[in-house]
Amino acid sequence: MSFEQVLQYIFSGITVGSIYAVVAIGFNIIYNSTGIINFAQGEFVMMGGIIAHSFTPTMPLFLAVVLAVVITTAVGSLIELVFIRSLKNPSVLRMIIITIGLSILIREIALHIWDEKIRALPFFTGSEVTSITIFGAHISPQVLWVLGITALIVVALQFFFYFTFTGQAMRACAANRKAASLCGINTRKMVNLSFCLSAAIGAVAGCTVSPLTQTHYAMGTPLAIKGFTVAILGGLGNSTAAVLAGLLLGLLESFSISLLPMAYKDVIAISILLLILFFRPGGLFQSRQIVALKSF
Amino acid sequence: MIRIRNLESGYGKLRVLKGISIHVNTGEIVAIIGGNGAGKTTLLYTIANLVKPFSGTITVLGTDSTGLSPEKTVALGCSLVPEGRQLFPTMTVRENLILGSYPLMKKREKRRLPEEMERIYSLFPRLKERENQLAGTLSGGEQQMLAIGRALMSDPQFIMMDEPSMGLAPIIARDIFNKIEDLRNHGRTILLVEQNARAALRIADRGYVMETGNLIIEGSSEELMDNPDVGRAYLGKDFKRISE
Ligand SMILES: Nc1ncnc2c1ncn2[C@@H]1O[C@H](COP(=O)(O)OP(=O)(O)OP(=O)(O)O)[C@@H](O)[C@H]1O
Ligand SMILES: [Mg+2]
(Lines give C-alpha, C1' and ligand atoms only; values in the text may rest on other atoms or scores of the structure.)
(Ligands and ions follow the chains in the order given, each with its own letter.)
Protein backbone atom coordinates (compact mmCIF):
# COMPACT_ATOMS: atom_id res chain seq x y z
CA MET A 1 0.00 0.00 0.00
CA SER A 2 1.44 3.34 -1.00
CA PHE A 3 1.61 6.31 1.32
CA GLU A 4 -1.00 8.15 -0.75
CA GLN A 5 -3.33 5.18 -0.50
CA VAL A 6 -2.95 5.06 3.26
CA LEU A 7 -3.77 8.76 3.44
CA GLN A 8 -6.78 8.20 1.23
CA TYR A 9 -8.04 5.48 3.57
CA ILE A 10 -7.41 7.68 6.58
CA PHE A 11 -9.42 10.54 5.15
CA SER A 12 -12.33 8.37 4.13
CA GLY A 13 -12.16 6.69 7.56
CA ILE A 14 -12.33 9.90 9.56
CA THR A 15 -15.08 11.29 7.34
CA VAL A 16 -17.39 8.35 7.93
CA GLY A 17 -16.15 8.16 11.52
CA SER A 18 -17.09 11.73 12.27
CA ILE A 19 -20.65 11.05 11.11
CA TYR A 20 -20.76 8.02 13.41
CA ALA A 21 -19.53 10.30 16.16
CA VAL A 22 -22.31 12.82 15.59
CA VAL A 23 -24.93 10.05 15.67
CA ALA A 24 -23.35 8.74 18.88
CA ILE A 25 -23.41 12.20 20.43
CA GLY A 26 -27.09 12.39 19.53
CA PHE A 27 -27.62 9.12 21.40
CA ASN A 28 -25.68 10.47 24.36
CA ILE A 29 -27.56 13.73 24.68
CA ILE A 30 -30.91 11.97 24.93
CA TYR A 31 -29.52 9.13 27.03
CA ASN A 32 -28.05 11.59 29.53
CA SER A 33 -31.23 13.52 30.06
CA THR A 34 -33.70 10.63 30.01
CA GLY A 35 -31.89 7.29 30.21
CA ILE A 36 -33.51 6.40 26.89
CA ILE A 37 -31.60 5.03 23.89
CA ASN A 38 -33.32 6.69 20.98
CA PHE A 39 -33.02 4.25 18.08
CA ALA A 40 -34.68 6.77 15.79
CA GLN A 41 -31.47 8.80 15.91
CA GLY A 42 -30.38 7.58 12.46
CA GLU A 43 -33.68 8.78 11.01
CA PHE A 44 -32.81 12.36 11.97
CA VAL A 45 -29.73 12.08 9.76
CA MET A 46 -31.84 10.72 6.90
CA MET A 47 -34.45 13.47 7.36
CA GLY A 48 -31.84 16.22 7.27
CA GLY A 49 -30.49 15.08 3.92
CA ILE A 50 -33.76 14.16 2.26
CA ILE A 51 -35.66 17.30 3.29
CA ALA A 52 -32.81 19.59 2.26
CA HIS A 53 -32.69 17.79 -1.08
CA SER A 54 -36.37 18.51 -1.71
CA PHE A 55 -35.81 22.20 -1.08
CA THR A 56 -32.73 22.63 -3.25
CA PRO A 57 -34.55 23.20 -6.55
CA THR A 58 -36.42 26.15 -5.09
CA MET A 59 -33.84 27.89 -2.93
CA PRO A 60 -30.12 28.30 -2.28
CA LEU A 61 -28.40 25.25 -0.72
CA PHE A 62 -27.62 27.02 2.54
CA LEU A 63 -31.24 27.99 3.08
CA ALA A 64 -32.39 24.47 2.22
CA VAL A 65 -30.06 23.04 4.84
CA VAL A 66 -31.19 25.50 7.50
CA LEU A 67 -34.82 24.76 6.76
CA ALA A 68 -34.20 20.99 6.85
CA VAL A 69 -32.51 21.31 10.24
CA VAL A 70 -35.35 23.41 11.60
CA ILE A 71 -37.99 20.94 10.41
CA THR A 72 -36.08 17.92 11.76
CA THR A 73 -35.67 19.69 15.10
CA ALA A 74 -39.40 20.32 15.22
CA VAL A 75 -40.03 16.62 14.53
CA GLY A 76 -37.62 15.70 17.35
CA SER A 77 -39.49 18.00 19.71
CA LEU A 78 -42.84 16.58 18.59
CA ILE A 79 -41.65 13.00 19.16
CA GLU A 80 -40.78 13.88 22.74
CA LEU A 81 -44.09 15.67 23.32
CA VAL A 82 -46.27 12.93 21.83
CA PHE A 83 -44.47 9.68 22.59
CA ILE A 84 -42.11 10.22 25.49
CA ARG A 85 -43.70 12.79 27.80
CA SER A 86 -46.96 10.94 28.29
CA LEU A 87 -45.21 7.88 29.70
CA LYS A 88 -44.79 7.80 33.45
CA ASN A 89 -41.86 5.68 34.65
CA PRO A 90 -41.66 3.54 31.51
CA SER A 91 -39.40 0.49 31.61
CA VAL A 92 -36.22 0.59 29.56
CA LEU A 93 -37.42 -2.25 27.35
CA ARG A 94 -40.65 -0.43 26.58
CA MET A 95 -38.75 2.73 25.67
CA ILE A 96 -36.46 0.81 23.33
CA ILE A 97 -39.42 -0.81 21.60
CA ILE A 98 -41.07 2.61 21.24
CA THR A 99 -38.04 4.26 19.67
CA ILE A 100 -37.52 1.31 17.31
CA GLY A 101 -41.18 1.63 16.37
CA LEU A 102 -40.71 5.35 15.77
CA SER A 103 -37.73 4.67 13.57
CA ILE A 104 -39.81 2.29 11.42
CA LEU A 105 -42.67 4.78 11.34
CA ILE A 106 -40.45 7.64 10.17
CA ARG A 107 -38.83 5.43 7.55
CA GLU A 108 -42.19 4.36 6.13
CA ILE A 109 -43.46 7.94 6.10
CA ALA A 110 -40.29 8.97 4.27
CA LEU A 111 -40.83 6.21 1.74
CA HIS A 112 -44.38 7.43 1.27
CA ILE A 113 -43.49 11.12 0.85
CA TRP A 114 -40.38 10.57 -1.25
CA ASP A 115 -39.51 7.20 -2.78
CA GLU A 116 -36.77 4.57 -2.65
CA LYS A 117 -34.48 6.53 -5.02
CA ILE A 118 -31.01 7.45 -3.86
CA ARG A 119 -30.42 11.20 -3.76
CA ALA A 120 -27.54 13.46 -2.97
CA LEU A 121 -27.27 17.12 -2.07
CA PRO A 122 -24.96 19.15 -4.30
CA PHE A 123 -21.39 19.55 -3.06
CA PHE A 124 -21.09 22.59 -0.79
CA THR A 125 -18.10 23.83 -2.80
CA GLY A 126 -17.09 22.60 -6.23
CA SER A 127 -18.50 19.36 -7.66
CA GLU A 128 -17.84 15.63 -7.45
CA VAL A 129 -14.75 16.00 -9.56
CA THR A 130 -13.20 18.85 -7.60
CA SER A 131 -10.42 17.63 -5.36
CA ILE A 132 -7.74 18.99 -3.13
CA THR A 133 -4.38 17.28 -3.03
CA ILE A 134 -2.92 16.74 0.41
CA PHE A 135 0.44 14.94 0.44
CA GLY A 136 -0.47 13.26 -2.82
CA ALA A 137 -3.89 12.05 -1.69
CA HIS A 138 -6.92 13.40 -3.55
CA ILE A 139 -9.66 14.59 -1.28
CA SER A 140 -13.04 16.09 -1.99
CA PRO A 141 -13.51 19.52 -0.39
CA GLN A 142 -16.71 18.07 1.05
CA VAL A 143 -14.53 15.94 3.34
CA LEU A 144 -13.19 19.15 4.84
CA TRP A 145 -16.74 20.43 5.21
CA VAL A 146 -17.73 17.26 7.09
CA LEU A 147 -14.70 17.38 9.37
CA GLY A 148 -15.02 21.12 9.98
CA ILE A 149 -18.72 21.00 10.77
CA THR A 150 -18.32 17.96 13.02
CA ALA A 151 -15.57 19.73 14.91
CA LEU A 152 -17.78 22.80 15.20
CA ILE A 153 -20.67 20.71 16.55
CA VAL A 154 -18.44 19.09 19.17
CA VAL A 155 -16.91 22.37 20.32
CA ALA A 156 -20.25 24.17 20.36
CA LEU A 157 -21.85 21.40 22.40
CA GLN A 158 -18.99 21.40 24.92
CA PHE A 159 -19.35 25.14 25.26
CA PHE A 160 -23.11 24.82 25.64
CA PHE A 161 -22.98 22.09 28.29
CA TYR A 162 -20.18 23.58 30.36
CA PHE A 163 -20.45 27.34 29.99
CA THR A 164 -24.09 28.21 29.54
CA PHE A 165 -26.70 28.15 32.22
CA THR A 166 -29.16 26.09 30.22
CA GLY A 167 -26.44 23.59 29.35
CA GLN A 168 -25.55 23.18 33.00
CA ALA A 169 -29.22 22.77 33.84
CA MET A 170 -29.41 19.97 31.26
CA ARG A 171 -26.41 18.26 32.83
CA ALA A 172 -28.06 18.64 36.22
CA CYS A 173 -31.20 16.93 34.90
CA ALA A 174 -29.02 14.14 33.60
CA ALA A 175 -27.28 13.70 36.94
CA ASN A 176 -30.35 13.81 39.17
CA ARG A 177 -33.77 14.69 37.85
CA LYS A 178 -35.43 15.14 41.25
CA ALA A 179 -32.66 17.41 42.52
CA ALA A 180 -32.86 19.45 39.33
CA SER A 181 -36.59 20.01 39.96
CA LEU A 182 -35.78 21.13 43.49
CA CYS A 183 -33.35 23.68 42.02
CA GLY A 184 -36.26 25.19 40.12
CA ILE A 185 -35.30 23.67 36.76
CA ASN A 186 -38.17 22.71 34.48
CA THR A 187 -37.05 19.18 33.77
CA ARG A 188 -39.67 18.45 31.10
CA LYS A 189 -38.39 21.40 29.11
CA MET A 190 -34.83 20.11 29.39
CA VAL A 191 -35.84 16.65 28.15
CA ASN A 192 -37.59 18.26 25.20
CA LEU A 193 -34.53 20.36 24.52
CA SER A 194 -32.37 17.24 24.45
CA PHE A 195 -34.56 15.76 21.70
CA CYS A 196 -34.36 19.05 19.77
CA LEU A 197 -30.57 19.16 20.06
CA SER A 198 -30.12 15.53 19.00
CA ALA A 199 -32.42 15.98 16.03
CA ALA A 200 -30.66 19.19 15.01
CA ILE A 201 -27.13 17.81 15.03
CA GLY A 202 -28.34 14.64 13.29
CA ALA A 203 -29.89 16.71 10.53
CA VAL A 204 -26.78 18.85 10.13
CA ALA A 205 -24.68 15.71 9.78
CA GLY A 206 -27.20 14.29 7.31
CA CYS A 207 -26.84 17.36 5.10
CA THR A 208 -23.06 17.65 5.17
CA VAL A 209 -22.46 13.99 4.41
CA SER A 210 -25.14 13.64 1.76
CA PRO A 211 -22.96 14.69 -1.22
CA LEU A 212 -20.43 11.99 -0.29
CA THR A 213 -22.48 9.04 0.92
CA GLN A 214 -25.89 9.85 -0.58
CA THR A 215 -29.24 9.95 1.16
CA HIS A 216 -31.79 7.16 1.11
CA TYR A 217 -35.00 6.67 3.06
CA ALA A 218 -33.66 3.51 4.73
CA MET A 219 -30.20 4.78 5.67
CA GLY A 220 -31.18 5.47 9.28
CA THR A 221 -31.04 2.00 10.79
CA PRO A 222 -27.52 1.02 9.70
CA LEU A 223 -26.33 4.44 10.87
CA ALA A 224 -28.08 3.99 14.20
CA ILE A 225 -26.32 0.66 14.70
CA LYS A 226 -22.94 2.18 13.92
CA GLY A 227 -23.66 5.20 16.08
CA PHE A 228 -24.84 2.98 18.91
CA THR A 229 -21.66 0.90 18.67
CA VAL A 230 -19.63 4.08 18.88
CA ALA A 231 -21.63 5.39 21.82
CA ILE A 232 -21.07 2.12 23.69
CA LEU A 233 -17.42 2.01 22.67
CA GLY A 234 -16.88 5.49 24.08
CA GLY A 235 -18.99 4.79 27.15
CA LEU A 236 -22.67 5.76 27.07
CA GLY A 237 -23.14 9.41 27.88
CA ASN A 238 -19.54 10.42 27.23
CA SER A 239 -19.48 12.63 24.14
CA THR A 240 -15.77 13.41 23.96
CA ALA A 241 -14.98 9.72 23.99
CA ALA A 242 -17.66 9.18 21.34
CA VAL A 243 -15.66 11.34 18.94
CA LEU A 244 -12.55 9.21 19.43
CA ALA A 245 -14.56 6.01 19.20
CA GLY A 246 -16.28 7.23 16.04
CA LEU A 247 -13.00 8.01 14.32
CA LEU A 248 -11.66 4.64 15.45
CA LEU A 249 -14.58 2.73 13.95
CA GLY A 250 -14.43 4.80 10.76
CA LEU A 251 -10.72 4.05 10.32
CA LEU A 252 -11.13 0.35 11.08
CA GLU A 253 -13.88 0.06 8.49
CA SER A 254 -11.95 2.04 5.95
CA PHE A 255 -8.79 -0.06 6.26
CA SER A 256 -10.73 -3.31 6.43
CA ILE A 257 -11.70 -2.81 2.80
CA SER A 258 -8.09 -3.19 1.76
CA LEU A 259 -7.68 -6.40 3.75
CA LEU A 260 -11.08 -8.10 3.77
CA PRO A 261 -13.84 -8.43 1.20
CA MET A 262 -16.16 -5.40 1.17
CA ALA A 263 -19.02 -7.45 2.59
CA TYR A 264 -17.20 -7.80 5.92
CA LYS A 265 -17.19 -4.05 6.55
CA ASP A 266 -20.38 -4.03 8.58
CA VAL A 267 -19.35 -7.08 10.58
CA ILE A 268 -16.67 -5.00 12.26
CA ALA A 269 -19.11 -2.72 14.05
CA ILE A 270 -21.22 -5.59 15.33
CA SER A 271 -18.16 -7.53 16.49
CA ILE A 272 -16.85 -4.51 18.35
CA LEU A 273 -20.25 -3.93 19.90
CA LEU A 274 -20.41 -7.49 21.22
CA LEU A 275 -16.81 -7.51 22.44
CA ILE A 276 -17.25 -4.23 24.30
CA LEU A 277 -20.52 -5.32 25.86
CA PHE A 278 -18.86 -8.53 27.07
CA PHE A 279 -15.56 -7.20 28.29
CA ARG A 280 -15.85 -3.48 28.98
CA PRO A 281 -19.46 -2.37 29.27
CA GLY A 282 -18.34 1.01 30.66
CA GLY A 283 -16.66 1.80 27.34
CA LEU A 284 -13.01 2.09 26.35
CA PHE A 285 -12.27 5.41 27.96
CA GLN A 286 -14.58 5.46 30.95
CA SER A 287 -12.69 6.78 33.94
CA ARG A 288 -13.09 4.85 37.18
CA GLN A 289 -13.76 8.00 39.21
CA ILE A 290 -16.71 9.10 37.12
CA VAL A 291 -18.19 5.59 37.11
CA ALA A 292 -17.92 5.48 40.88
CA LEU A 293 -19.54 8.90 41.25
CA LYS A 294 -22.37 8.10 38.88
CA SER A 295 -23.52 5.13 40.88
CA PHE A 296 -23.11 7.16 44.09
CA MET B 1 -46.06 31.86 56.40
CA ILE B 2 -47.17 28.36 55.49
CA ARG B 3 -50.41 26.63 56.26
CA ILE B 4 -51.41 23.09 55.40
CA ARG B 5 -54.96 21.83 55.77
CA ASN B 6 -56.15 18.22 55.78
CA LEU B 7 -53.38 17.09 53.52
CA GLU B 8 -53.70 13.57 52.17
CA SER B 9 -50.94 12.28 49.97
CA GLY B 10 -49.06 9.17 48.92
CA TYR B 11 -47.84 7.09 46.02
CA GLY B 12 -50.26 5.54 43.55
CA LYS B 13 -52.94 3.91 45.67
CA LEU B 14 -50.86 3.99 48.85
CA ARG B 15 -52.15 6.69 51.17
CA VAL B 16 -49.22 7.78 53.35
CA LEU B 17 -50.43 11.09 54.80
CA LYS B 18 -53.88 10.74 56.34
CA GLY B 19 -55.05 14.31 56.86
CA ILE B 20 -52.22 16.48 58.11
CA SER B 21 -52.75 20.08 59.22
CA ILE B 22 -49.78 22.17 60.24
CA HIS B 23 -48.70 25.77 60.13
CA VAL B 24 -45.36 27.52 60.43
CA ASN B 25 -45.23 31.20 61.36
CA THR B 26 -42.71 33.63 59.92
CA GLY B 27 -39.36 33.42 61.68
CA GLU B 28 -40.05 30.11 63.40
CA ILE B 29 -38.20 26.83 63.40
CA VAL B 30 -40.79 24.07 63.54
CA ALA B 31 -39.63 20.50 64.05
CA ILE B 32 -41.39 17.37 62.87
CA ILE B 33 -40.28 14.21 64.58
CA GLY B 34 -41.39 10.66 64.05
CA GLY B 35 -40.15 7.15 63.46
CA ASN B 36 -39.08 5.50 60.23
CA GLY B 37 -41.82 5.36 57.64
CA ALA B 38 -44.06 7.84 59.49
CA GLY B 39 -44.38 9.90 56.31
CA LYS B 40 -42.11 12.86 57.12
CA THR B 41 -40.29 12.79 53.81
CA THR B 42 -43.57 12.32 51.98
CA LEU B 43 -44.91 15.43 53.71
CA LEU B 44 -41.95 17.55 52.61
CA TYR B 45 -42.09 16.15 49.06
CA THR B 46 -45.78 17.00 48.90
CA ILE B 47 -45.18 20.56 50.07
CA ALA B 48 -42.41 20.85 47.46
CA ASN B 49 -44.91 19.45 44.91
CA LEU B 50 -42.65 16.56 43.94
CA VAL B 51 -45.53 14.35 45.06
CA LYS B 52 -49.09 15.32 44.12
CA PRO B 53 -51.51 15.44 47.07
CA PHE B 54 -54.77 13.45 46.97
CA SER B 55 -56.62 16.22 48.77
CA GLY B 56 -56.11 19.16 51.09
CA THR B 57 -54.57 22.59 50.55
CA ILE B 58 -51.10 24.02 50.88
CA THR B 59 -50.55 27.76 51.21
CA VAL B 60 -46.99 28.98 51.01
CA LEU B 61 -46.02 32.62 51.58
CA GLY B 62 -49.58 33.75 50.93
CA THR B 63 -50.00 31.80 47.69
CA ASP B 64 -52.02 28.64 47.17
CA SER B 65 -49.32 26.28 45.94
CA THR B 66 -51.41 23.09 45.84
CA GLY B 67 -50.67 21.23 42.61
CA LEU B 68 -48.09 23.68 41.25
CA SER B 69 -45.03 22.27 39.51
CA PRO B 70 -41.95 21.77 41.72
CA GLU B 71 -40.06 24.51 39.88
CA LYS B 72 -42.86 27.05 40.39
CA THR B 73 -42.95 26.14 44.07
CA VAL B 74 -39.24 26.90 44.39
CA ALA B 75 -39.80 30.17 42.56
CA LEU B 76 -42.28 31.16 45.29
CA GLY B 77 -39.42 31.10 47.79
CA CYS B 78 -39.94 27.62 49.21
CA SER B 79 -36.82 25.42 49.10
CA LEU B 80 -36.22 21.84 50.18
CA VAL B 81 -32.95 20.35 51.39
CA PRO B 82 -33.83 16.76 50.53
CA GLU B 83 -33.15 13.59 52.45
CA GLY B 84 -29.87 12.05 51.35
CA ARG B 85 -28.62 15.44 50.00
CA GLN B 86 -29.32 14.64 46.32
CA LEU B 87 -26.34 16.59 45.00
CA PHE B 88 -25.05 16.52 41.43
CA PRO B 89 -22.08 14.28 42.19
CA THR B 90 -20.20 14.72 38.90
CA MET B 91 -20.37 18.51 39.06
CA THR B 92 -18.21 20.84 41.13
CA VAL B 93 -19.24 22.54 44.35
CA ARG B 94 -19.46 25.82 42.48
CA GLU B 95 -21.64 24.36 39.71
CA ASN B 96 -23.96 22.81 42.30
CA LEU B 97 -24.39 26.20 43.94
CA ILE B 98 -24.93 28.01 40.65
CA LEU B 99 -27.69 25.54 39.76
CA GLY B 100 -29.38 26.40 43.04
CA SER B 101 -29.73 29.98 41.80
CA TYR B 102 -31.81 28.92 38.80
CA PRO B 103 -34.99 30.69 40.00
CA LEU B 104 -33.06 33.97 40.30
CA MET B 105 -31.68 33.53 36.78
CA LYS B 106 -35.15 33.00 35.45
CA LYS B 107 -36.27 36.20 37.10
CA ARG B 108 -33.42 37.93 35.26
CA GLU B 109 -31.58 38.69 38.46
CA LYS B 110 -28.30 37.31 37.22
CA ARG B 111 -26.33 40.11 38.80
CA ARG B 112 -27.29 38.78 42.23
CA LEU B 113 -25.33 35.58 41.68
CA PRO B 114 -21.95 36.75 43.09
CA GLU B 115 -23.68 38.24 46.11
CA GLU B 116 -25.63 35.03 46.85
CA MET B 117 -22.48 32.98 46.31
CA GLU B 118 -20.60 35.15 48.82
CA ARG B 119 -23.42 34.75 51.32
CA ILE B 120 -23.20 30.94 51.13
CA TYR B 121 -19.42 30.96 51.32
CA SER B 122 -19.45 33.13 54.42
CA LEU B 123 -21.98 30.78 56.02
CA PHE B 124 -19.91 27.72 55.06
CA PRO B 125 -16.28 28.81 54.48
CA ARG B 126 -15.38 25.15 53.93
CA LEU B 127 -17.32 25.20 50.67
CA LYS B 128 -15.21 28.04 49.33
CA GLU B 129 -12.04 26.04 49.99
CA ARG B 130 -13.58 23.12 48.07
CA GLU B 131 -15.07 25.27 45.31
CA ASN B 132 -13.66 23.29 42.38
CA GLN B 133 -13.94 19.82 43.87
CA LEU B 134 -16.54 17.37 42.53
CA ALA B 135 -19.51 17.22 44.89
CA GLY B 136 -19.41 13.41 44.98
CA THR B 137 -15.94 13.46 46.53
CA LEU B 138 -16.87 15.69 49.49
CA SER B 139 -17.11 14.31 53.03
CA GLY B 140 -20.57 13.69 54.45
CA GLY B 141 -20.57 16.92 56.44
CA GLU B 142 -19.39 18.97 53.49
CA GLN B 143 -22.06 17.39 51.31
CA GLN B 144 -24.71 18.41 53.79
CA MET B 145 -23.34 21.97 53.83
CA LEU B 146 -23.48 21.98 50.04
CA ALA B 147 -27.05 20.66 50.01
CA ILE B 148 -28.09 23.44 52.38
CA GLY B 149 -26.04 26.01 50.47
CA ARG B 150 -27.61 25.01 47.17
CA ALA B 151 -31.12 25.30 48.60
CA LEU B 152 -30.26 28.77 49.94
CA MET B 153 -28.95 30.05 46.61
CA SER B 154 -32.43 31.01 45.43
CA ASP B 155 -32.74 33.21 48.53
CA PRO B 156 -35.84 31.37 49.84
CA GLN B 157 -37.90 32.73 52.71
CA PHE B 158 -39.11 29.27 53.69
CA ILE B 159 -36.71 26.32 53.93
CA MET B 160 -37.56 22.68 54.59
CA MET B 161 -34.81 20.34 55.74
CA ASP B 162 -35.09 16.58 55.75
CA GLU B 163 -32.81 14.95 58.33
CA PRO B 164 -29.83 17.26 57.88
CA SER B 165 -27.90 15.47 60.64
CA MET B 166 -28.25 12.00 59.12
CA GLY B 167 -24.96 10.13 59.05
CA LEU B 168 -22.93 12.96 60.58
CA ALA B 169 -20.60 12.79 63.58
CA PRO B 170 -22.19 14.54 66.60
CA ILE B 171 -19.79 17.47 66.47
CA ILE B 172 -20.51 18.13 62.77
CA ALA B 173 -24.23 17.68 63.38
CA ARG B 174 -24.08 20.27 66.16
CA ASP B 175 -22.38 22.67 63.77
CA ILE B 176 -25.14 22.16 61.19
CA PHE B 177 -27.83 22.77 63.83
CA ASN B 178 -26.07 25.99 64.85
CA LYS B 179 -26.15 27.16 61.24
CA ILE B 180 -29.85 26.37 61.03
CA GLU B 181 -30.39 28.53 64.11
CA ASP B 182 -28.34 31.29 62.44
CA LEU B 183 -30.61 31.14 59.41
CA ARG B 184 -33.67 31.59 61.60
CA ASN B 185 -31.99 34.48 63.42
CA HIS B 186 -31.51 36.11 60.02
CA GLY B 187 -35.25 36.02 59.43
CA ARG B 188 -35.78 32.77 57.54
CA THR B 189 -38.54 30.34 58.38
CA ILE B 190 -37.64 26.69 58.75
CA LEU B 191 -39.47 23.38 58.82
CA LEU B 192 -37.09 20.76 60.18
CA VAL B 193 -37.61 17.02 59.96
CA GLU B 194 -35.35 15.02 62.25
CA GLN B 195 -34.79 11.59 63.76
CA ASN B 196 -32.46 13.29 66.22
CA ALA B 197 -35.41 14.65 68.20
CA ARG B 198 -33.42 16.05 71.10
CA ALA B 199 -31.18 18.18 68.89
CA ALA B 200 -34.10 19.33 66.76
CA LEU B 201 -36.27 20.36 69.72
CA ARG B 202 -33.34 22.23 71.25
CA ILE B 203 -33.31 24.75 68.38
CA ALA B 204 -37.00 24.58 67.42
CA ASP B 205 -39.75 26.88 68.67
CA ARG B 206 -42.52 24.34 68.20
CA GLY B 207 -42.83 20.78 67.12
CA TYR B 208 -45.17 18.08 65.82
CA VAL B 209 -44.92 14.34 66.37
CA MET B 210 -45.93 12.20 63.44
CA GLU B 211 -46.87 8.54 63.45
CA THR B 212 -48.02 6.47 60.46
CA GLY B 213 -49.33 9.43 58.52
CA ASN B 214 -51.04 11.24 61.40
CA LEU B 215 -49.95 14.02 63.72
CA ILE B 216 -50.40 12.70 67.23
CA ILE B 217 -48.92 15.44 69.40
CA GLU B 218 -48.13 19.10 68.90
CA GLY B 219 -46.78 21.81 71.15
CA SER B 220 -43.91 24.09 72.01
CA SER B 221 -40.48 22.51 72.15
CA GLU B 222 -40.51 22.59 75.96
CA GLU B 223 -43.89 20.86 76.09
CA LEU B 224 -42.69 18.12 73.77
CA MET B 225 -39.45 17.66 75.69
CA ASP B 226 -41.44 17.20 78.91
CA ASN B 227 -44.11 14.98 77.37
CA PRO B 228 -43.60 11.46 78.75
CA ASP B 229 -44.83 9.75 75.55
CA VAL B 230 -42.44 11.77 73.40
CA GLY B 231 -39.67 11.15 75.88
CA ARG B 232 -40.19 7.41 75.84
CA ALA B 233 -40.55 7.04 72.07
CA TYR B 234 -38.14 9.60 70.67
CA LEU B 235 -35.79 10.94 73.31
CA GLY B 236 -34.68 7.62 74.79
CA LYS B 237 -35.63 8.67 78.32
CA ASP B 238 -36.63 5.23 79.53
CA PHE B 239 -33.37 3.85 78.35
CA LYS B 240 -31.58 6.51 80.32
CA ARG B 241 -33.55 5.80 83.45
CA ILE B 242 -32.86 2.08 83.21
CA SER B 243 -29.20 2.60 82.65
CA GLU B 244 -28.88 5.03 85.51
N1 LIG C 1 -41.67 6.39 46.08
C2 LIG C 1 -42.43 5.67 46.90
N3 LIG C 1 -43.32 4.77 46.39
C4 LIG C 1 -44.11 4.04 47.20
N5 LIG C 1 -44.11 4.13 48.55
C6 LIG C 1 -43.25 5.01 49.11
C7 LIG C 1 -42.38 5.81 48.33
N8 LIG C 1 -41.65 6.58 49.15
C9 LIG C 1 -42.04 6.26 50.40
N10 LIG C 1 -43.00 5.32 50.39
C11 LIG C 1 -43.68 4.74 51.57
O12 LIG C 1 -44.30 5.78 52.28
C13 LIG C 1 -44.18 5.59 53.68
C14 LIG C 1 -43.61 6.84 54.30
O15 LIG C 1 -42.30 7.05 53.83
P16 LIG C 1 -41.45 8.34 54.17
O17 LIG C 1 -40.20 8.26 53.38
O18 LIG C 1 -42.30 9.53 53.99
O19 LIG C 1 -41.15 8.13 55.72
P20 LIG C 1 -40.19 8.97 56.66
O21 LIG C 1 -41.03 9.38 57.81
O22 LIG C 1 -39.49 10.01 55.92
O23 LIG C 1 -39.18 7.84 57.14
P24 LIG C 1 -37.60 7.94 57.48
O25 LIG C 1 -37.50 8.53 58.83
O26 LIG C 1 -37.15 6.52 57.46
O27 LIG C 1 -36.98 8.77 56.42
C28 LIG C 1 -43.32 4.37 53.85
O29 LIG C 1 -44.14 3.29 54.21
C30 LIG C 1 -42.69 4.15 52.51
O31 LIG C 1 -42.52 2.77 52.26
MG1 LIG D 1 -37.55 10.38 55.49
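Guide: A residue is called buried when its relative accessible area is under 20%, exposed when that value is over 50%, and partly exposed in between. Please keep in mind that this is a predicted model.

For Cys173(A), the nearest cysteine sulfur belongs to Cys183(A) and is 9.5 Å away. Seen from the other end, Cys183(A) has the sulfur of Cys173(A) as its nearest cysteine sulfur, at 9.5 Å, and is in no disulfide. A disulfide requires two cysteine sulfur atoms within 2.5 Å.

Chain A contains twelve helices and two strands. Read from the N terminus, its elements follow the order α-α-α-α-β-β-α-α-α-α-α-α-α-α. A compact globule of 296 residues would have a radius of gyration near 19 Å, and chain A, at 19 Å, agrees with this. Along the principal axes, the C-alpha atoms of chain A fill a box of roughly 60 × 45 × 35 Å. Of its 296 residues, 51% are buried. Among contacts in chain A with a separation of 6 or more, 75% are between residues 24 or more positions apart.

The part for our close look is the open sheet of chain B. This sheet has six strands in the order E6-E7-E8-E3-E9-E10, and their pairing is mixed. Strand E6 (78-81) and strand E10 (214-220) of chain B stand at the edges; each has a single partner strand, so one side of each is left without a neighbour in the sheet. From one strand to the next, the twist averages 15°.

Helix H8 (residues 170-185) of chain B lies across strand E3 (29-34), E7 and strand E8 (189-194) of chain B, and runs at about 155° to E8(B).

The charged side chains come next. Side chains of opposite charge can pair when their charged atoms come close. Over all chains, the structure holds 20 salt bridges. One of them joins Asp155(B) to Arg188(B), with 2.8 Å between the closest N and O atoms. Asp155(B) lies in the loop between H7 and E7 of chain B, and Arg188(B) in the loop between H8 and E8 of chain B, so the pair ties together parts that are 33 residues apart in sequence. Asp155(B), with a relative accessible area of 23%, is partly exposed, whereas Arg188(B), at 10%, is buried. Salt bridges with shared partners bring Asp155(B) and Arg188(B) into one network with Arg112(B), Glu116(B) and Arg119(B).

Helix H7 of chain B takes part in another pair. Arg130(B) forms a salt bridge with Glu142(B), and their closest N and O atoms are 3.1 Å apart. This pair links distant parts of the chain: Arg130(B) is in the loop between H6 and H7 of chain B, and Glu142(B) is in helix H7 of chain B, twelve residues apart. Glu142(B) counts as buried because its relative accessibility is 5%, while Arg130(B), at 27%, counts as partly exposed.

A further salt bridge joins the side chains of Arg94(B) and Glu131(B), at 3.3 Å from N to O. Arg94(B) belongs to helix H3 (residues 93-100) of chain B, Glu131(B) to the loop between helix H6 (125-129) and H7 of chain B, and the two residues are 37 residues apart. Is Glu131(B) buried or exposed? Glu131(B) has a relative accessible area of 18% and is therefore buried.

Terms used:
Residues are numbered from 1 along each chain as its sequence is written. Chains are lettered from A and ligands numbered from 1 in the order in which they are written. This is a predicted model: local features need pLDDT of at least 70, side-chain atom pairs count only at pLDDT 80 or more; totals for chains, interfaces and linings use all residues. Side-chain values use heavy atoms; hydrogens and water are left out. Two strands pair if DSSP finds at least two bridges between them. Helices (H or I, at least four residues) and strands (E, at least two) are DSSP runs, numbered from the N terminus. Axes are lines fitted to C-alpha atoms, for helices over the stretch in contact, and angles run from 0 to 180 degrees between N-to-C directions. Contact means heavy atoms within 4.5 Å. A salt bridge is a side-chain nitrogen of Lys or Arg within 4 Å of a carboxyl oxygen of Asp or Glu. Buried means under 20% relative accessible area, exposed over 50%, partly exposed in between (1.4 Å probe, protein chains only). The radius of gyration is taken over C-alpha atoms; the globule rule is 2.2 Å times the number of residues to the power 0.38.
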